[in-house]
Amino acid sequence: MSVRNLSRVALFAALMAICSWVSIPTPVPFTLQTFAVFLAPGLLGGKMGTIAVGTYLLLGAVGLPVFAGFSGGIGTLLGATGGYLLGFLLTALVIWLAEIALGTSQPVFLVSAIVGQGLCYLFGSLWYVLGYAGGAAGLPAVLSPCVIPFLLPDTAKLILAWALRRRLAPVLAKSR
């Protein structure tokens, strides 16, 4: 990997950390993380964006306070909301796989980001139900506090990332 790509990965991992700190504390915190998770593969491409998301998660796993509420550590990743954090990697992977299969057009990015976010919600909710509600709460009971309040804000973050990608991707492509 070139120094330029390493720098871009580091920059986007740092952006994810900064966006996680912009947070409204709730049981599942409202943050700007998902904006950065959409933006990384949108601007860096699927492969480098996925590496940036993985780097961000690794930084948090080793204890750096990169997650919401300045938290970090493997306990956070394995905790109640850890499935949503790990689901960020699914989002980036879906975008990357769609890029490989269908290309890098704006519609491909938009649809793959929506599908990736849906998988993130599903994975995180199943993680929460199976690991922390003991399966007793059931998926519908978890959707109310953990997914439904995030649908509109995450849609807005996706639209913003998509608009920035539209504007900035051609510029970044010239510098690759």
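Predicted model: local features only at pLDDT ≥ 70, side-chain atom pairs only at ≥ 80, totals over all residues.
Helices here are DSSP runs of H or I with at least four residues, while strands are runs of E with at least two, and both are numbered from the N terminus.

Residues are numbered from 1 along each chain as its sequence is written, and side-chain values use heavy atoms, leaving out hydrogens and water.

Burial is judged by relative accessible area: buried means under 20%, exposed over 50%, and partly exposed in between, using a 1.4 Å probe and protein chains only.

| Residue | Relative accessible area | Class |
|---|---|---|
| Ser125 | 1% | buried |
| Phe70 | 54% | exposed |

Phe70 also has a positive phi of about 55 degrees, although it is not a glycine. Ser125, for its part, sits in helix H6. A polar atom of the Ser125 side chain lies 2.8 Å from the backbone oxygen of Tyr121. Setting aside neighbours within four places in sequence, Ser125 is in contact (heavy atoms within 4.5 Å) with Tyr84, Leu139, Val142, Leu143 and Val147.

**The cores**

A nonpolar core is a set of buried Ala, Val, Leu, Ile, Met, Phe, Trp, Tyr and Cys residues joined through side-chain atoms within 4.5 Å. The largest one has 33 residues, and those with the most contacts inside it are Phe12, Met16, Ala52, Val53, Tyr56, Leu57 and Phe67. At least two residues of this core come from each of H1 (3-21), H2 (33-44), H3 (46-61), H5 (82-102), H6 (106-132) and H8 (151-174). H2 gives the most, with 8 residues. A second, separate core of 8 residues includes Val28, Tyr84, Val129 and Val147.

**A closer look at H3**

The expected span of a helix is 1.5 Å times one less than its number of residues. For the 16 residues of H3 this gives 22 Å, which agrees with the 22 Å between its end C-alpha atoms. Buried residues of H3 include Gly46, Ala52, Val53, Tyr56 and Leu57. The buried residues of H3 pack against H1, H2, helix H4 (74-78) and H5. After H3 comes Gly63, whose phi is positive, near 110 degrees.

Note on methods: Polar contact = N/O pair within 3.5 Å; in protein donor to acceptor, adjacent residues only side chain to side chain.
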